[in-house]
Amino acid sequence: MHVETVGDGTPELAVVACLHGNELCGKTAVERVLAENHNFRRPVRFVVANEEAIEKNVRSIDEDLNRAFPGDSDGKTHESRLAAELLPQVRDCSVLDLHSTRSHPEPFALVAQVNEQTKRLARATGAPRVVDVSYIAGGLIDYVDGVAVECGLRGSERADRNAERVLRNFLGEMGAVDTLSDAGDPELYRIFAVVEGGDYEFVGENFVRVEAGETFARKNGEERRAERAFYPVLMSTDGYEDILGFQAERVGKL
Ligand SMILES: [Zn+2]
């Protein structure tokens, strides 16, 4: 784990990259911003989490780090020990946690609960969509005041650029750096179900409404139809092994 704290005093803001070792956009964004030697008006802690997984270009070594919190310093897995090391570094901070995905090219923010603080953090990212993921248990943002952002398609330059934009926006809106930023007016979605099953081909589009009865996935000629209308979120043909992704409803403006 690489930790770098900038500015004077105890940080109240933290940026976490690479909870997943093969999602490098956050690390790239952090490196680009830090290379500019900003005059930080508020102290910020930057964490590049799973360096061992980065080195091997894999999501994780033993288990999903983002499902290993709070972790255990004597734990059996690399990620369990790493989670226990990481959490105290960011526990008292407002956290931006940067990811990339197989599902959608544009940034969207994830919050573990919807309250005034998470709304503020989500708006600060500038992402046009925010997803309430309280239905899915676990993850760093369950343990801190924080927002995660899926910045774009894994390994794409666009994801790098998006992550950089999200990071600059967040630091600007939270008063850490003097930069032009823009708090968004995002749409809120809420996940209400998981679609189980591997090897499906997803034939819809994320955040585009699937009507009841419409086909949204196929496998060996078998069609999977919607029992009720929903918005696909984190849905992709090859994003997960055992699930296709999640079903969400659109709540309205955040
Ligand atoms: Zn991730």
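Predicted model: local features only at pLDDT ≥ 70, side-chain atom pairs only at ≥ 80, totals over all residues.
Reader: Let's turn to the metal. Which protein atoms are the donors of the zinc ion?

Author: They are ND1 of His 20, two OE atoms of Glu 23 and ND1 of His 99, lying 2.0 to 2.6 Å from the zinc ion. Along the chain, the donors follow the spacing H-x2-E-x75-H. Glu 23 belongs to the loop between E2 (13-17) and H1 (25-34), while His 99 is in strand E4 (residues 94-101), so this pair, 76 residues apart, links distant parts of the chain. Glu 23 and His 99 are both buried.

Reader: Why is the arrangement around the zinc ion irregular?

Author: For four donors to be tetrahedral, all angles must lie between 85 and 135 degrees. Here the four donor atoms subtend angles of 54 to 149°, and therefore the arrangement is irregular.

Reader: And the backbone: what should I look for?

Author: The general idea is that most residues other than glycine have a negative phi, and most peptide bonds are trans. Now the cases here. Phe 69 and Pro 70 are joined by a cis peptide bond, with omega about 5°, and Pro 70 lies in the loop between H2 (51-56) and H3 (78-90). Asn 57 is found in the loop between H2 and H3, and its phi is near 55°, a positive value. With 54% relative accessibility, Asn 57 counts as exposed. Asp 199, in the loop between E8 (187-196) and E9 (201-202), has a positive phi near 65°. At 68% relative accessibility, Asp 199 is exposed too.

Reader: Finally, at what angle do H4 and H5 pack?

Author: H4 (residues 116-124) and H5 (residues 157-173) pack at about 130°, with axes 8 Å apart, and are therefore oblique to each other. Arg 120, Leu 121, Arg 123 and Ala 124 of H4 meet Asn 169, Phe 170 and Glu 173 of H5. These contact residues comprise three nonpolar, one polar and three charged.

How values were computed:
Residues numbered from 1 in each chain as written. Heavy atoms only, no water. Axes fitted to C-alpha atoms, helices over the stretch in contact; angles between N-to-C directions. Helix = DSSP H or I, 4+ residues; strand = E, 2+ residues; numbered from the N terminus. Parallel < 35°, antiparallel > 145°, perpendicular 65-115°, else oblique. Contact = heavy atoms within 4.5 Å. Nonpolar A, V, L, I, M, F, W, Y, C, P; charged D, E, K, R; others polar. Donors = N, O, S within 2.8 Å, 3.2 Å for Na, K, Ca; no water. Tetrahedral: all angles 85-135°; square planar, octahedral: opposite > 155°, others 65-115°. Buried < 20%, exposed > 50% of the residue type's maximum accessible area, 1.4 Å probe, protein only.
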